[in-house]
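Here are my notes on this structure. Please read them with the model open beside you.

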Amino acid sequence: AARLDLAQRLVRALSSENERWAANVQSLVQQRKVLIGDVLLAAVFASYIGPFSYGLREELLTQRWVPWFEEHGLPFSEPDPMCTLTSGSSRASVWGNQGLPLDPFSLQNATLIEVSSRFPLLVDPQLQGLAWVTARERELAEAQGRQVHVVQPGKAVFDVVRQALSSGDTVIVENLTGEAIDPFLMSVVRTRRGMDNAAVRQASECP
């Protein structure tokens with residue numbers, strides 16, 4: 001009798017969830033219909049939009065890409081691929097707390113940095129990007145038990161980078177110029193992420 005009573009209570013409790021589950025199923029069905037369009041638009045945005053100003057980005061998006069999608073019958077849920085790439089607005093709040101300006105252009109740049117598998121080139125005359133990257137890396141490092149080393153060009157950079165490669169720490173080298181980039185740094189940059197001791201040896205062998 002006790003087991004039957006518990007089973008009946010469980011059925012009654014789950015029955016109230018039926019409406020929510022049905023709504024979730026309908027939402028997933030709609031998302032499936034626009035999945036290809038959303039992913040394709042987001043991929044185009046992330047791959048090609050980086051070098052352009054905010055005005056040119058908007059022109060490409062609203063006057064070229066979105067009309068092309070509509071012309072070829074590719075359904076998509078959001079004309080703004082930022083929604084697909086960030087999966088919501090919570091990331092913007094985190095970035096704001098890390099010192100990133102919350103204008104649309106800065107949010108786009110931050111999104112491109114986070115979703116890109118390549119090392120981005122930041123044109124940052126006001127040093128706002130550097131401040132955000134430093135704060136972001138410190139927060140990630142603290143959560144993962146790592147350290148962030150901010151260094152200037154010089155002989156000490158080699159030792160700091162070599163140690164960071166073996167321990168998984170982050171190194172930020174400030175005030176680099178074209179003439180000041182040491183060859184071993186370039187070998188590290190060209191090496192894929194997730195470097196092991198082989199990468200340390202590779203960097204050590206550079207002149």
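1. Start with burial. Buried means under 20% relative accessible area, exposed means over 50%, and partly exposed lies in between (1.4 Å probe, protein chains only). Phe69 is buried, at 4% relative accessibility. Phe76 is buried too, at 18%. Trp68 is partly exposed, with a relative accessible area of 41%.

2. Know what you are looking at. The model is predicted, so local features need pLDDT of at least 70 and side-chain atom pairs count only at pLDDT 80 or more, while totals for chains, interfaces and linings use all residues. Residues are numbered from 1 along each chain as its sequence is written, and side-chain values use heavy atoms, with hydrogens and water left out.

3. Now the rings. Rings of Phe, Tyr and Trp (its six-membered ring) pair if their centres lie within 6.5 Å; planes under 30 degrees apart are stacked, over 60 edge-to-face, and the rest tilted. The count is four aromatic pairs. In one of them, Trp68 and Phe69 have ring centres 5.7 Å apart and planes at 70°, so this pair is edge-to-face. Phe69 also pairs edge-to-face with Phe76, at 5.9 Å between centres and 85° between planes.

4. Look at Pro81 next. Pro81 sits in the loop between helix 3 (54-71) and helix 4 (82-86). Helices (H or I, at least four residues) are DSSP runs, numbered from the N terminus. Pro81 is buried, at 1% relative accessible area.

5. Which residues does Pro81 contact, leaving aside neighbours within four places in sequence? They are Leu41, Ala42, Phe45 and Leu61. Contact means heavy atoms within 4.5 Å.

Terms used:
Helices (H or I, at least four residues) and strands (E, at least two) are DSSP runs, numbered from the N terminus.
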